[in-house]
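Hi,

Here is the structure I promised to pass along. Have a look at it first, and then read on for my notes.

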Amino acid sequence: MRITPINEGFAAEFADVDLTRPVSGDVVAAIESGMNQYAMLVSRDQALNDDTQRDFTRRFGPLEAASGGHVTATSDRRLPLDMQDASNLDQHQRVLARDDRRRMFNLGNRLWHSDSSYRPVTARYSLLSGRIVVTDGGRTEFADMRAAYDALDNETKAEIEDLVCEHSLMFSRGILGFTALSEAERTMFEPVRHKLVRTHPSTGRKSLFLSAHAGAIVNWPVPEARAFLRDLIEHATQRRFVYSHVWRRNDLVMWDNRTTMHRVTRFDESQIRDLRRTTVAGIAA
Ligand code: OGA
Ligand code: MN
């Protein structure tokens, strides 16, 4: 297997391995080491299906369940409970209507975020498989939260070192004006707390743990916290920290949610875009 950098220190591509077949422990170790170095990896021409995608993902740890992260009734799901649907399709493989509640909720993916930062235990890796892709827009962009942390001045680093943020799907959806939630959804989306500065357990590198789901800083006035979080996200998503992925069919893109943020860019939603995500659960901090 070969790993070739796309950017200096952030984003790389790996090739010469077929992920539709069981891979060796050496390959898994090489991919983990690539993830530690580059924070995100791309592999082209991986014709995965839901079973092979899940089998490969499980090599890095248990899968995270989708429950608690969306507003889709179980009976309306298109994908199994241990996969996350990043498509614009309903359970009958039809494009969601413009004002469909599921589509409006999924538009939250247009905001820079880290997957499952709204959960008490946040996600480790996400793996996104491009089954049907669009050619215009619909890119997935990634920002390197390690480089963004390193580029802060020492004063800011000292100020944020011990800050704790509150994350909730209510905050990210609130940014988009999606506020009509049932009592059950409000309970499910109860805010959780995470440190703003995280140290990666394998590399010891520090990074900013930011996300559109972050809507408060513990012991700060809310407007001040939101203004500051906005400043930090603006800093962290400067183009010099960003890799923008142009999808080809059967691309597999994987990223470390502890050290990156990502978002999808706008596209013509009359076209089918079928991307499916598996997620490696994190470990309680
Ligand atoms: C995701 C996600 C972005 C995309 O699946 O977690 O944010 O490009 N997807 O669909
Ligand atoms: Mn995401």
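The largest nonpolar core has 24 residues, and those with the most contacts inside it are Met145, Ile160, Leu196, Leu208, Leu210, Ile217 and Leu229. Three elements, α4 (145-150), β11 (214-217) and α8 (222-236), each supply at least two residues of this core. Of these, α8 gives the most, with six residues. Bear in mind while you look around that this is a predicted model.

Leaving aside residues up to four places away in sequence, Leu210 touches Ser114, Met145, Leu196, Leu229, Leu232, Ile233, Ala236 and Met261. Apart from this core lies another one, of 19 residues, and among them are Val28, Ile31, Phe60 and Leu127.

Next, the metal. Which residues coordinate the manganese ion (ligand 2)? They are His113 and His262, each through NE2, and Asp115 through OD, at 2.1 Å. Along the sequence these donor residues follow the spacing H-x1-D-x146-H. His113 sits in the loop between α3 and β5 (125-132), while His262 belongs to strand β14, so the two of them tie together parts that are 149 residues apart in sequence. Both His113 and His262 are buried.

Then there is the empty space. A probe the size of a water molecule, rolled over the atoms, shows where such space is left. Here the count comes to two cavities of 30 Å³ or more.

The largest cavity holds about 810 Å³ of space. It is lined by 46 residues, and the closest to its centre are Asp85, Ala86, Ser87, Asn106 and Asn109. By class, that lining has 17 charged, 15 polar and 14 nonpolar residues. At least two lining residues come from each of β4 (84-85), α3 (101-106), α6 (169-175) and β14 (260-264). The largest share, four residues, is supplied by α3.

Most residues other than glycine have a negative phi. Two residues are worth a look with that in mind:

- Asp16 is not a glycine, yet its phi is positive, about 65 degrees. This residue lies in the loop between β2 (12-15) and α1 (25-38).
- Ser116 is not a glycine either, and its phi is also positive, about 60 degrees.

Ser116, in contrast, has a relative accessible area of 3%, so it counts as buried.

That's what I have for now.

Cheers

Terms used: Residues are numbered from 1 along each chain as its sequence is written. Chains are lettered from A and ligands numbered from 1 in the order in which they are written. This is a predicted model: local features need pLDDT of at least 70, side-chain atom pairs count only at pLDDT 80 or more; totals for chains, interfaces and linings use all residues. Side-chain values use heavy atoms; hydrogens and water are left out. On a 1 Å grid over the protein atoms alone, a cavity is a set of points where a 1.4 Å probe fits but cannot get out, and a pocket is an open set with protein on both sides within 12 Å along at least five of seven lines; lining residues have an atom within 4 Å of a point. Grid points are joined across faces, edges and corners, and a volume is the space filled by probe spheres set on the points. Ala, Val, Leu, Ile, Met, Phe, Trp, Tyr, Cys and Pro count as nonpolar, Asp, Glu, Lys and Arg as charged, and the others, Gly among them, as polar. A nonpolar core is a set of buried Ala, Val, Leu, Ile, Met, Phe, Trp, Tyr and Cys residues joined through side-chain atoms within 4.5 Å. Buried means under 20% relative accessible area, exposed over 50%, partly exposed in between (1.4 Å probe, protein chains only). Contact means heavy atoms within 4.5 Å. Donors are N, O and S atoms within 2.8 Å of the metal (3.2 Å for Na, K and Ca); water is not among the atoms, so sites may look incomplete.
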